[in-house]
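Hi there,

Here is the structure I promised to pass on.

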Amino acid sequence: MIVAIDGPSGAGKSTVAKAVAKKIGFSCLDTGAMYRSIAYLACKEGISLDDEAALTKLAQSVDISFGHVEGDPIPRSVFINGEDVTTAIRTAQIDKAVSPVSATPGVREALLECQRRIGHAGDYVVEGRDIGTVVFPDAEVKVFLTASDEERAHRRVRQNADRGIGSIDYEEVLADIRRRDTVDSSRACAPLKQAEDAIHMDTTALYIEEVIEQICALARGEA
């Protein structure tokens, strides 16, 4: 079974997906971490973010894997070609680089195969921007999470402060979120949009526990 959670940057997808997976006993697949890994490696190797051929070749040639602790369905670390990039992919630089990388058709095609292979191997909660529309269009549960721009910026600032990674300047984070929204929703390949059969949840005024429980209820067939 696949529970697909889509939505814009800062909507809480990753946090919610991990909590839902734990509650219902599913594994969790963070597709965003996969695109961030490609963006990180591109920046590290000096590959231009508008060089589609080079980015595609990079995505086709790398091995992305996740580290788990026994008994925990939530991945604790991300590896690319054996290198632990868990922290490195969560910087402000990668925040800016990931949108153009994820808009590259060749990159999406390369990672799409990997995502489907992982997802079809078991029960997964999968979060991203095109999970319910492109990656797993037949997912049994589809949710589209949103929140106001301002609330998403506040959440991201708090998250960055807690992790000690990324910008904690509210105006900078807000501008970056709006920029990413524009890029992600207007890209030609797999744009950010709500699947027709997805349930829309505006989380601006909701406690995270409410969101998690609503999605768990959907997964259990109780809603």
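Below are some notes on the sheet and on the cavity search.

This is a predicted model, where local features need pLDDT of at least 70, side-chain atom pairs count only at pLDDT 80 or more, and totals for chains, interfaces and linings use all residues. Residues are numbered from 1 along each chain as its sequence is written, and side-chain values use heavy atoms, with hydrogens and water left out.

First, the sheet. Five strands form an open sheet in the order S2-S6-S1-S7-S8, with parallel pairing (strands are DSSP E runs of at least two residues, helices H or I runs of at least four, both numbered from the N terminus; two strands pair if DSSP finds at least two bridges between them). Strand S2 (27-30) and strand S8 (199-202) are at the edges with a single partner strand each, so one side of each has no neighbour in the sheet. Strand S1 (residues 2-6) pairs with strand S7 (residues 141-146) over 4 bridges, and Asp6 has Phe144 in S7 as its bridge partner.

Then, the cavity. Searching the whole structure gives 1 cavity of 30 Å³ or more (a set of points on a 1 Å grid over the protein atoms alone where a 1.4 Å probe fits but cannot get out; lining residues have an atom within 4 Å of a point). Among the residues lining the largest cavity are Ser9, Lys96, Arg156 and Glu172. Helix H4 (92-102), helix H7 (149-163) and helix H8 (170-186) each give two or more residues to this lining, and H8 gives the most, with 4 residues.

Best wishes

Definitions and conventions: 1 Å grid on protein atoms, 1.4 Å probe; cavity = no way out; pocket = protein on both sides within 12 Å on 5 of 7 lines; lining within 4 Å. Points joined across faces, edges and corners; volume = space filled by probe spheres on them.
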